[in-house]
Amino acid sequence: MALQFEAFSAGGLAPGWNLLVQGHSDSGEDKFEINFLSEAGDIVFHIKPRFSSASIVANTFQGGRWGQEEVSTVFPLVLGEPFEMEVSSDAEHFHVHAQEHKVLQFAHRHRPLAAITRVQVLSDHRLAQVELARRGLSWGDGGY
């Protein structure tokens, strides 16, 4: 799979960050994943839609091995059509939405959250937009 997007934040990407990925699932292969990584390079949150089984898989890869896989069968993505996935985080969980449907809630397995410093989107699908934003940011002093 090709690296389509990568971002780094020294202050950490959880909690409070929101990742939005829009694209087009133009092949029958499961060639799309999102990884949040720690400073040490562990994958602290891995999410992969599997079109072949109409499921979304989440896991961690820490200390050289995969953790217990969590699978959601809520799968609103349709092969051959545009898709939108959104990943956000609070103090306890990652939250995953696809096509505006909540598909997964994944408890944080890595602490401290500030050590989650990098996010990658790997895909052989066509991605139209990837946006990473910190929620709750305000621009200016609000007096305009």
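These questions and answers look at salt bridges in a predicted model.

In this predicted model, local features need pLDDT of at least 70 and side-chain atom pairs count only at pLDDT 80 or more, while totals for chains, interfaces and linings use all residues. Residues are numbered from 1 along each chain as its sequence is written, and side-chain values use heavy atoms, with hydrogens and water left out.

Colleague: How many salt bridges does a search of the whole structure find?
Modeller: Side chains of opposite charge can pair when their charged atoms come close. A salt bridge needs a side-chain nitrogen of Lys or Arg within 4 Å of a carboxyl oxygen of Asp or Glu. Searching the whole structure gives a count of four.

Colleague: Which residue forms a salt bridge with Glu69?
Modeller: The closest N and O atoms of this pair are 3.6 Å apart. Glu69 sits in the loop between strand E6 (65-66) and strand E7 (70-72), and its partner in strand E4 (residues 43-50), so the pair ties together parts 19 residues apart in sequence. Strands (E, at least two residues) are DSSP runs, numbered from the N terminus. The partner is Arg50.

Colleague: How far apart in sequence are the parts that Arg109 and Glu70 tie together?
Modeller: Their side chains meet in a salt bridge at 3.1 Å, N to O. Arg109 lies in the loop between strand E10 (101-107) and strand E11 (116-123), and Glu70 in strand E7, so the separation is 39 residues.

Colleague: What is the relative accessible area of Arg109?
Modeller: Buried means under 20% relative accessible area and exposed over 50%, with partly exposed in between (1.4 Å probe, protein chains only). Arg109 is partly exposed, at 32%.

How values were computed:
Helices (H or I, at least four residues) and strands (E, at least two) are DSSP runs, numbered from the N terminus.
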